[in-house]
Amino acid sequence: MANKFPLIAFIIFSIILIANSAHSTHLRAGEIVAIKTGRLSYEFTLILYRNTDSPVNQPAATVEFGDGTRQTSNVLTTTPLNNNTEKLTFKFTKTFSAPSTYIISFTEFNRNASILNIANSVDVPFYVETKITIDPIIDRGKNSTPVLLVPPIDRGTFGQIYTHAAGAYDADGDSLSFKLVTPRQGKDLDVPGYRQPNYTGNSSTGGPPTFSINPVTGLITWDTPGQTGLFNIAFQITEYRNGVELGYIVRDMQIEIVPSDNTPPKLKIPKNQCFVAGNLIRDTATATNKNLPTLTAFGGAFDLGAVKTLLPPNDLFTQKMVVSWLSTCQDVRQQPYLITFKAENIYATGNLTAIDVWELYINGPTPQLLKPTSEGKNLRLRWKPYTCSNADSIIIMKSNCLQDTIGKDSCLTGNKIEDGFIKAATVSAKDTTWLDNDNGRGLARGGVYSYYIYAKFPPVANGYSLPSKVQYAQLS
């Protein structure tokens, strides 16, 4: 009888270990995105990426809204993905009591065992949060967080450079900034014993390994994984409007580095460019490897009319994709459109990928300013009706000397030209004339005055047009 107690204890202990291990291995990544639906109301979407090798499901999830309340929802959609992963979405609606800043969060116990850059990871909770600011003056009744269009399911290879980009897109045109952060286990609680993945190995050039994120495009580069296994990272995407922070979202994700004799594909994407609304954008991305890779593209531009077309391969090693977009005046904005290209090779040991990001700027077309004419001690400016009906205003720039040219570049919008010019006036975009009378004082006889104009587009996108041709006149 005495011998049964150790056996029973061993069985109970084993069951607890198995249950704890199973419960701690099902989440690979996650984030919370939000969209404003009313003055104080938001819809939140919790997105989780589950390891399908785990027997543990995630039928429901609970989020906390940062005001002492919480809400539980059942899973809304389940989408199978590559690398033994499925995407789960949960919806939540909330009307807050007053304008303020709120932290919306999700916590799940616990993380995977054997995460190499988190000490005792099996005992560490998985946590993500999103911050929103409700302020009628700043948000103007419209605000949504960025959405992350690229799933975080890419595997890396030992000794090969690893890249990942989330494909962040902000429909409002707000400015986005990316940075690496320490994964958290709760609000204001960093994961203990955390270190970035580049703590071992060497870079591709033989120096210390590096792990970084591009603050503008969000492209993560690990040069180079020096150990196989599981690693977790987190990065924050902060949203700004007119220089004021509106909030942020945090994605916590897992990277699996596998041993492989195979290599990720080589990816060549178009150069970053500026385009004028109304002109056709057309360029090509190319992926190559020792067998035919797949090639996909993600970005908000594809919701606005951009088209991606895979070309029939000419050989067994190269895949090309053409992106074309006949943009319109509605697409003009100050921030770039980010198109994320993903090339992928499918191997028995796991898919290997290469990712890069193309920055596209859409600027307004050039206004057509005519030569100024004298009206007494004043000069009358006239221009043709501006072609974009959604423009907000026309900005008139002036120089008190002869300047007959300014730089011409598809990226050089009118607001960026300052040498010798000052802002003289802002008029409605529907106006086609303005009288320069030097604020009622009249201009100097014999004086030479130079002008150019450009269009400004309305908030939130705050885009600009290219500058008009400089026109000048001497007051007779």
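User: What should I know about the model itself?
Analyst: This is a predicted model, where local features need pLDDT of at least 70, side-chain atom pairs count only at pLDDT 80 or more, and totals for chains, interfaces and linings use all residues. Residues are numbered from 1 along each chain as its sequence is written, and side-chain values use heavy atoms, with hydrogens and water left out.

User: Where is Asn120 found, and between which strands?
Analyst: Strands (E, at least two residues) and helices (H or I, at least four) are DSSP runs, numbered from the N terminus. Asn120 is in the loop between strand E7 (101-108) and strand E8 (126-133).

User: What is the phi of Asn120?
Analyst: Most residues other than glycine have a negative phi. Asn120 is not a glycine, yet its phi is positive, near 50 degrees.

User: What is the phi of Asn242?
Analyst: Asn242 lies in the loop between E18 and strand E19 (244-258). Asn242 counts as exposed, at 57% relative accessibility. Although not a glycine, Asn242 has a positive phi of about 55 degrees.

User: Which residue does a cis peptide bond join to Asp223?
Analyst: Most peptide bonds are trans. Here omega is about 15 degrees, and the bond is cis.

Key: Buried < 20%, exposed > 50% of the residue type's maximum accessible area, 1.4 Å probe, protein only.
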